[in-house]
Amino acid sequence: MHGRKRNAASKPEEDAASAAEALELRLLQSQFMSNHHQKIYTKEAIQLSAKLQEINPEAYTAWNYRKLAVEYNLDSADPSLVNSILDKELEVVENALKRNLKSYGAWYHRKWVLSKGQCSSLDKELQLLNKYQKLDDEIKKNLVLRNFHLWNYRRFVVELTKTSEQDELQHTTDMINDNFSNYSAWHNRSVLLSSLVAKKADGFMPKETIRREFDYVHNAIFTEEDDQSGWFYYLWLLDQTVKMETPLRASPWPSDGSNIILSGPGCFNGSSSKFTTYCSESGSFPLILYFDQAVSGVSSSTVTIDSELKSNEDLVWEPVPEKNSQVSCVWVARLKFDRTEPVKVKVSLGKSRGIVSSTGCNLITPYEFVFTVHIDDTVGESQEGIISWTDGFDSWDAQSSKDLNSLITLDQLEVDTGFEWRKQAIKIEIEQFRKLPDSKFGKLNLAKLLMAEETMISDDDAVKGVHYKEILQLYNDLMALDSWHDQYYKDEHSVALLRKVTSSTESLTRHLFRNRNMNSIVCLRLNNLTLSRIAALEKLLFVQMLDLSHNELHSAEGLEAMQLLCCLNLSHNRIKSFSALHSLRHLKQLRVLDVSHNHIGCKHPVDTTRYLCSSSFSNSGETGRKVPSKYRDTYLVLRDLMKLKQFDIRGNDLIAGEEFSSFVRQVVPTLVWLDGNKLAS
């Protein structure tokens, strides 16, 4: 691994030497621990710990012992001896690093010594690091090229010595020119350039810097095409090119100019042609702001509501998905209605500072949208019949297509001053990569570049969507070329496919239907598309019924943004646990949920979904009641779905039987249908 060859089988004499070394190590450790417990800090005891660390630099307790010994000796030492005590510690660390250049304890101890601020050899630290980074021995050289300990320590020393970032940038250039495979040098270069560009240092304006760096990294990736280090840097550079300082687009719901019908209980049992109907039993509905990058500071002071509804002056905005985070792309507030006549609502943001992007920039360009809410106070009967995913759907008609444009507007907030040069930089790179011979990295980066160009094309541009066919083919080629990273390519293919589906009204309407048995609400069918990841949700906020069945999804992550969802079909996917469904907790309007024929409850030694999904309750949190451990994740998902009436979980491993059914009925008392069977009252 990382250039280190597997050792050949040892010889008998080598085995004897190892046994002798192990015996010496055990004796040293025994003597050391005795000194440590008795707090003996004599010269002999300290020398013994030094010898131990030369043999075993990973003995972390020994490093802590030396810290205590240094503090003890510094308290009683003559001021003129302080530097010599600290210099001795640096010498011990250096000897330990000769044994293991990647020792955590050794590098941390060296930083601790320098933090004392009285070492006489501070100026020699960079010389020592340069010596390590230019080792000739091939094995040690590979250790240095990927040694984040050494590079982190270098950044620490650079800060202490006040070495300029420009000088350090030149050092990375020298290291990379010596070896294109120096991943750590490429990484340090990205850290330095980010800082210099943020400071607007002389000669480091974004446009010129990015163009210069593209030209520089070309030397590496076109010379050593199979080396990953330059490609990773290239992907970082591409990300810097497309990343704007402030959000460029926002997708609200309701959208600008839309008309919303707010109906009371039982509204889903009607057969109205008004497909914008939203069912509310509490006289409120969600107001959604979806930004194209994470923001903070969305509140009643930064977002103003102008309407005749006085009860909404101090709306509480919450980030989705996590309430304990104050940075998110999606923010939701509950708009309350206490009137029966139509009400026009104007929402404004950007008039005052406070909404801050992930890069720390304030959103200061004013933006507003206006919609009208019509109140339908007809009270229908509550849902009793089972909702079918195969019957009762009508195709999208011409009138619906006309109304659809007002539902999915993606509004431009402001034009970044560097937008045009960024588009041009991407275009130049696309031309460069089209000249490359077919290769794994070349295809991947061409797909990334084409996708980046698509994101920069406005929705009303005639060329919007022209690249998606090529992007999808590139990912298909990559799946065939590189099976080791098949899942990553599938995920990227899914993102591109969903972007293609939502790129125009024409392509989206092919997947849209109306459910005549549920008041003609909008149903989006994205089934049988081999999707493994969910994306493009900013254009799907209006959807109330979503069919994602017969795909390859491993989680429901992302769906929390679709606050209007009342019916969701996730059957026949690859979901392995309820922890992969954590985002559904935020869908307070969910009435129908189908997760049948997945792999929930399958016998795996480790539930990897807990780590793949950013669940707020995967490894912590109180349930608030006594729940069997095997149903804990089930409870934490279902307990918040207080309007759920239909739930199907048939065909999942180990999730069956009367015990589980009884548990579900206790958690969700509103349930009417379970696994296709109507429950007794």
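Me: Which residue is the bridge partner of Ile-305 in S8?
Reply: In this predicted model, Ile-305 has Val-347 of S8 as its bridge partner.

Me: And in S10, what is the bridge partner of Val-347?
Reply: Phe-369 is the partner of Val-347 there.

Me: How many bridges join S5 to S8, and how many join S8 to S10?
Reply: Strand S5 (residues 303-306) is joined to S8 by four bridges. S8 and strand S10 (residues 367-376) are joined by seven. S5 and S8 run antiparallel, and S8 and S10 also run antiparallel.

Me: Why is S8 described as largely enclosed?
Reply: Strand S8 covers residues 343-349, and five of its seven residues are buried, so the rest of the structure largely encloses it.

Me: Switching to helices. Which residues of H5 are buried?
Reply: Gly-105, Ala-106, Trp-107, His-109, Arg-110, Trp-112, Val-113 and Leu-114. That is eight of the eleven residues in helix H5 (residues 104-114), so this helix too is largely enclosed.

Me: What covers them?
Reply: The cover includes helix H3 (60-76), helix H4 (82-99), helix H6 (125-133) and helix H8 (148-161).

Me: Back to strands. What is the order in the nine-strand sheet?
Reply: S11-S13-S14-S15-S16-S17-S18-S19-S20, as an open sheet with mixed pairing. Strand S11 (393-395) and strand S20 (677-678) are the edge strands, each pairing on one side only.

Me: Do S17 and S18 pair in what sense, parallel or antiparallel?
Reply: Strand S17 (residues 592-594) and strand S18 (residues 646-648) pair in the parallel sense, over three bridges.

Me: What stands opposite Val-592 in S18?
Reply: Gln-646.

Key
Residues numbered from 1 in each chain as written. Predicted model: local features only at pLDDT ≥ 70, side-chain atom pairs only at ≥ 80, totals over all residues. Heavy atoms only, no water. Buried < 20%, exposed > 50% of the residue type's maximum accessible area, 1.4 Å probe, protein only. Helix = DSSP H or I, 4+ residues; strand = E, 2+ residues; numbered from the N terminus. Contact = heavy atoms within 4.5 Å. Pairing = 2+ DSSP bridges.
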